[in-house]
Amino acid sequence: MFKPLGRVTSATLLLLGLAGVISPAVQAADANAEKIRSANIELLTSANQWQDAEAEINRAREAAFKADLAQQTELLAAAKQALATEKARAQALKEQFDSNDKALQEAAEALRLRTGNLGEMFGVVRQVAGDLHSVLDTSLTRIDGGYPADLNALAAAKRLPAIPELEELWHTFQLEVTRASEIRQLTAPVTLLDGTTAQQTVVRFGAFNVVTDPLAEKPGYLLWDDELKQLSQPVQQPDEASLLSDYPLSASNGFAAVALDPSRGALLGLSMDAPTWKQRIQQGGEVGYLILVIGAAGVLLALWRIAMLGLIGRGVSKQRANMLSPTVDNALGRVLFVAKDIPLNHDAELIEARLNEAVLRELPALERGQSIIKLLAGIAPLLGLLGTVTGMIATFQAITTYGTGDAKLMAAGISQALITTVLGLIVAIPLLLMHNWVASRSRALVQVLDEQSAGLMAEALEKSNEKSHVA
């Protein structure tokens with residue numbers, strides 16, 4: 001009976017405990033729910049207020065749009081009316097353009113029919129004016145003054161030239177022909193070598209050349225400077241400038257030789273730009289001067305040896321004409337003296353040795369300087385090769401420093417490379433020829449001495465054999 005009562009009591013007690021624990025949790029949950037409801041109410045209130053404000057703004061916008069609707073309708077109507085007006089104006093302009101174009105075509109056709117061959121003349125006048133302008137632009141006759149026709153305007157004209165313009169063109173032609181056929185003395189500005197400009201008396205030979213006053217101390221040719229548009233004095237004059245001093249400017253008759261340039265200054269400019277031999281040698285630099293010194297030394301040595309061998313050969317020739325009376329002033333005479341002093345009873349080998357000794361004693365005087373001439377002939381082209389190498393080094397140095405844009409910067413090194421090679425060959429070839437001549441002349445004299453010594457030895461042996469047979 002006590003067990004059931006005990007179970008009921010325990011369950012009851014458990015429920016009462018849980019109720020006591022759950023009651024605070026429920027109270028906390030109710031408090032949180034109340035806070036959430038309050039927040040939602042506030043959010044809903046704010047949303048309603050924002051929605052009311054937006055509705056008010058939209059109502060204001062609708063009212064403003066409705067207020068501007070009448071104005072927009074008026075503007076649209078005005079725009080449509082302007083568009084219609086412009087369309088009508090465009091159509092009118094198009095019709096006017098078509099009418100003007102048709103009238104222009106009719107006028108052009110009428111002009112073509114009226115002008116006839118004048119159209120061809122218009123093209124010819126333009127072409128002739130352009131060609132004449134090109135000729136006069138490079139003609140020396142321009143120093144006499146201007147021309148009546150405006151050739152630039154005629155060459156660029158878009159209309160038929162008037163009669164006065166055609167007459168001026170004809171007068172320009174006639175004036176150029178007249179100037180090109182006359183020799184005239186006049187005063188013109190000339191740019192001097194120091195850069196200053198001076199008024200000088202010059203003589204123009206047609207359209208070919210202009211020279212300074214032939215009566216001056218040193219007359220010369222003048223060139224036309226396209227940049228300065230006046231005459232200029234060249235740095236150097238051609239060799240033909242010496243003929244200008246013989247030109248009789250004031251003579252009434254007679255003829256004088258004057259060199260003219262048919263290319264109107266082109267060939268004269270090229271000839272003046274060509275360097276002289278002195279300038280070419282200067283381009284060779286130190287190596288070129290050394291080659292010339294070696295060449296001069298070799299030539300002088302060769303000429304000295306040629307002269308000496310000539311004297312020796314003359315003495316030998318005189319001695320050969322008088323073999324019985326030897327003299328010591330020539331090589332053959334000295335060999336004969338040696339042979340004369342040898343007793344006839346000597347051995348043949350001893351006689352041969354004495355004669356060979358005498359001949360060998362004369363060889364240094366005959367062969368002196370030959371090795372030096374040959375050495376100088378071999379050194380000259382080697383120095384030319386050295387100049388070539390140094391010139392190419394200078395050229396590559398210029399390329400490294402300045403690039404390949406300007407060829408004039410490389411010209412100095414290339415000129416040195418080529419000039420030294422030429423100088424080396426110019427020196428070596430004559431020296432080789434002189435060495436060959438000296439050596440052949442020396443061998444000829446040695447051969448004469450050998451022949452005479454061999455003859456003397458044979459004669460001595462014959463006499464020795466005759467004496468031995470008699471004994």
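Modeller: Let's start with the words: two strands pair if DSSP finds at least two bridges between them, and strands (E, at least two residues) and helices (H or I, at least four) are DSSP runs, numbered from the N terminus. This is a predicted model, where local features need pLDDT of at least 70 and side-chain atom pairs count only at pLDDT 80 or more, while totals for chains, interfaces and linings use all residues. Residues are numbered from 1 along each chain as its sequence is written, and side-chain values use heavy atoms, with hydrogens and water left out.

Colleague: OK, so what makes β1 and β5 a pair?

Modeller: Two bridges join β1 to β5 (residues 230-232), and the strands run parallel. The rule asks for at least two bridges, so they pass. Along β5, V190 stands opposite L231, and T191 has S232 as its bridge partner.

Colleague: And how many bridges hold β1 to β2?

Modeller: Nine, in the antiparallel sense. T191 turns up here too, with T197 as its bridge partner in β2. The hairpin of β1 and β2 has five residues between the strands, and G195 in it takes a positive phi near 90 degrees.

Colleague: Which strands close into the barrel, and in what order?

Modeller: Five of them, in the order β1-β2-β3-β4-β5, with mixed pairing. From one strand to the next the twist averages 55 degrees; axes are lines fitted to C-alpha atoms (for helices, over the stretch in contact), and angles run from 0 to 180 degrees between N-to-C directions.

Colleague: On to charges. Why is the contact of R184 and D144 called a salt bridge?

Modeller: The term needs a side-chain nitrogen of Lys or Arg within 4 Å of a carboxyl oxygen of Asp or Glu. Here N to O is 3.0 Å, so the pair qualifies. R184 lies in strand β1 (residues 183-191) and D144 in the loop between α2 (118-137) and α3 (151-155), so this pair ties together parts 40 residues apart in sequence.

Colleague: What does R204 do with D144?

Modeller: R204 forms a salt bridge with D144, and the closest N and O atoms are 2.6 Å apart. R204 lies in strand β2 (residues 197-205), so that pair links parts 60 residues apart in sequence. R204 also meets E182 in a salt bridge, at 3.2 Å from N to O. With a relative accessible area of 0%, R204 is buried, whereas E182, at 28%, counts as partly exposed.

Colleague: What makes this a network?

Modeller: Shared partners: the salt bridges join D144, E182, R184 and R204 into one network. A search of the whole structure finds six salt bridges.

Colleague: Last one. Why are W277, V422 and I426 called a patch?

Modeller: Patches are made of residues with over 30% relative accessible area and no salt bridge; like charges are joined within 9 Å, and nonpolar side chains (Val, Leu, Ile, Met, Phe, Trp, Tyr) within 5 Å. Take I426, in helix α11 (residues 408-470): its 43% makes it partly exposed, so I426 clears the 30% cut-off. Together the three have about 320 Å² of accessible area, from the Shrake-Rupley method with a 1.4 Å probe, where only the protein chains shown count as cover for residues.

Methods
Buried means under 20% relative accessible area, exposed over 50%, partly exposed in between (1.4 Å probe, protein chains only).
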